[in-house]
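Welcome, and please have your viewer ready. We will go from stop to stop, with something to select at each one.

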Amino acid sequence: MRQSKLFAQTYREAPSDAEALSHRLLLRAGFIRPLAAGIYAYLPLGQRVLRNVERIVREEMDRTGAQELLMPAMQPLELWEQSGRDQAYGPELIRLKDRHEREFALGPTHEEVVTTLFRGEVNSYRKLPVTLYQIQTKFRDERRPRFGLLRGREFVMKDAYSFDEDWEGLDRSYQLMYEAYRRIFDRCGLNYRAVEADAGSIGGEGETHEFMALADIGEDTIVSCEACDYAANLEKAEAGPSNATTIQVQTPAYGENTTNQQPQRLHTPNVRTIDELVTAMQLSASRFVKTMIYIVDGQAVAVLVRGDREVNELKVKNALQAEKVEIADADTVLRVTGAPSGFAGPIGLSVPLLVDIEIANGEAWIAGAIEADYHVSDVRPGRDFTLTRVGDYRNVAEDDVCPRCRSGKLQFSRGIEVGHVFKLGTKYSERMNATLADRSGNEKAVIMGCYGIGVSRLLSAIAEQYHDGDGMAWPMALAPYQVHIVPVSVNDSVQMELAERLYGQLRDSGVDTLLDDREERPGVKFKDSDLMGIPIRIVIGKQAAEGVVEFKLRTRPDKETVNAGDVCDKVKEAIREAL
Ligand SMILES: O=C(C[C@@H]1CCCCN1)Cn1cnc2cc(Cl)c(F)cc2c1=O
Ligand SMILES: [Mg+2]
């Protein structure tokens, strides 16, 4: 491709509202252009990277025996009413009416559609297992689209769906997809972790894993053990052996052995937060009970965790099998507990208590007295308040003991979710009546799995991991072009003749090549080249007369002089090494 013709211009600056570095670089280098919030055009450079990602995804999906199809984006709303999901998603589900006033949804995902397709196509278990996939544009009306392609409202997803006659079959399909995902992300050069995750809204049963690209911009927190291969989304990470059994309950502020001490009221004027308590009482946060009031599907509950811990709302939601969990505001706390927030506590509280293991195992706690300006010490779980629901309701913290190997310490890192694989079970096949006569002739709902990769999101995740101060540095397998030929002066006929010759040779040997034939100053050319991130650069300068050019890898500072006759072989060797 001749760069003077390339449909894209580069910018030295990005718009100030572009916060993520990948977003800034993709805009500046002319890979994407915004059309509306969370809605982007992929210019030729961006489209070429997108196509390279899709090629890798297709190759690895096909290798598993999955069959590619393409489903409509316009989905009759009845399908969502049949599965009962039309209400669950509210404003995020983009709806429209056709000219006959019939209602449709723009597909955010395709469980309902693919299950309906399957039902109409397969009538015998002998056709199982089958896995179908598509690479298609999805629509989700995100309240706050941001970070460019990382959270868009229209994006490209690979979504696959497996159909098996039994659970063992699903385990095999799931494993096949899991391995295919590892091959895909390895081939993309992504630095990622597969982590235990929560199935979230899609439901389903059994295990589910997210594939997380490590990047500081990532919205998710990944927990991994330094000693074993345990890795989980923080939402899901299990609290290890409760530290309460190991932390010696410090000598309480009042000296004497308080094991049978009755709770003492403490006058703590205006001491509301744990930090204020720590300061006022000169005790560590781990001595206090943090009583958090939540509204769970409209009901108030209190969750008790140690003062130095955070409540994990997803664990509360899952424990109560609730649809919605939200923290109660100050007025609600006052109404529900009778005391202002900051003085809530377990003794005499009239709402159900969810007690974290660490609290249940500890003794002589200091808690709110459910009275303004008062706390209470020497609170004993079981004696002073009932232990109806004891469980793991907290976020693990860095350096906690690993719940798996019970020896390593847990580390936190940030991740971008680029893949998510689920075991759906019969949740959709039952609702959409996708049943089959099994071997003994009984009608059974097929067992499903679903598997997503954020294809367009992956562009940004790669850009987040592969850049330096000068711009992007695409892995060879994804780069929009493999070689960038940059003649220093297009008015120098010797340089241009050599450039054209190399351009022809490389293209004839199947190398994706971009020729910078623009009348621009060398500095501009090199800056643009660094910004685009093409892996190999061939610079043609003064030594063109001696048939010598400069060979440089985008990821290495050193430049090498090479005879023009050796360029093709050297390029192909560099490509072979990089793939
Ligand atoms: O999409 C999934 C699960 C898997 C992911 C892999 C590929 C197949 N689907 C979960 N999810 C996420 N956001 C959604 C947004 C809307 Cl508006 C919706 F109506 C439905 C969903 C929804 O179901
Ligand atoms: Mg997910």
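## The whole chain

Begin with a cartoon of the protein chain, which has 15 helices and 31 strands; these are DSSP runs numbered from the N terminus (helices are H or I with at least four residues, strands are E with at least two). This is a predicted model, in which local features need pLDDT of at least 70 and side-chain atom pairs count only at pLDDT 80 or more, while totals for chains, interfaces and linings use all residues. Residues are numbered from 1 along each chain as its sequence is written, chains are lettered from A and ligands numbered from 1 in the order in which they are written, and side-chain values use heavy atoms, with hydrogens and water left out.

Zoom out, and the C-alpha trace spans about 95 × 65 × 50 Å along its principal axes. Of the 579 residues in the chain, 54% are buried. Here buried means under 20% relative accessible area, exposed means over 50%, and partly exposed is in between (1.4 Å probe, protein chains only).

## Helix H6

Now select residues 167-187, which make up helix H6. Its 21 residues reach 30 Å from first C-alpha to last, close to the 30 Å expected at 1.5 Å a residue; the expected span is 1.5 Å times one less than the number of residues. At the start of H6, show the side chain of Asp166: one of its oxygens reaches to within 3.4 Å of the backbone nitrogen of Glu168. Such a polar contact is a pair of N or O atoms within 3.5 Å; within protein, one must be able to donate a hydrogen and the other to accept it, and residues adjacent in sequence count only if both atoms are side-chain atoms. Just after H6, Gly189 takes a positive phi of about 75°.

Next, colour the buried residues of H6, among them Leu170, Met177, Tyr181, Ile184 and Phe185.

## The aromatic cluster

Which residues form one aromatic cluster? Select Tyr178, Tyr181, Phe185, Tyr192 and Phe211 to see it. Rings of Phe, Tyr and Trp (its six-membered ring) pair if their centres lie within 6.5 Å; planes under 30 degrees apart count as stacked, over 60 as edge-to-face and the rest as tilted. The whole structure holds 9 such pairs. Tyr181 and Phe185 make an edge-to-face pair, 6.0 Å centre to centre with 85° between the planes. Both lie in H6, 4 residues apart, about one turn of the helix. Tyr181 is buried, at 0% relative accessibility.

Tyr181 also pairs with Phe211, this time tilted, at 5.2 Å centre to centre and 50° between the planes. Because Tyr181 lies in helix H6 and Phe211 in strand E10 (residues 208-214), the pair ties together parts that are 30 residues apart in sequence. Phe211 is likewise buried, at 0% relative accessibility.

## The two ligands

Move to ligand 1 and show Arg85, Thr109 and Arg140. An oxygen atom of the ligand is 2.7 Å from a side-chain N or O atom of Arg85, and a nitrogen atom of the ligand is 2.7 Å from a side-chain N or O atom of Thr109. A polar side-chain atom of Arg140 lies 2.9 Å from an oxygen atom of ligand 1.

Last stop: select the magnesium ion, ligand 2. Its protein donors are Glu417 (OE) and His420 (ND1), lying 2.2 Å from it. Donors are N, O and S atoms within 2.8 Å of the metal (3.2 Å for Na, K and Ca); water is not among the atoms, so sites may look incomplete. Glu417 is partly exposed, at 23% relative accessibility, whereas His420 is buried, at 8%.
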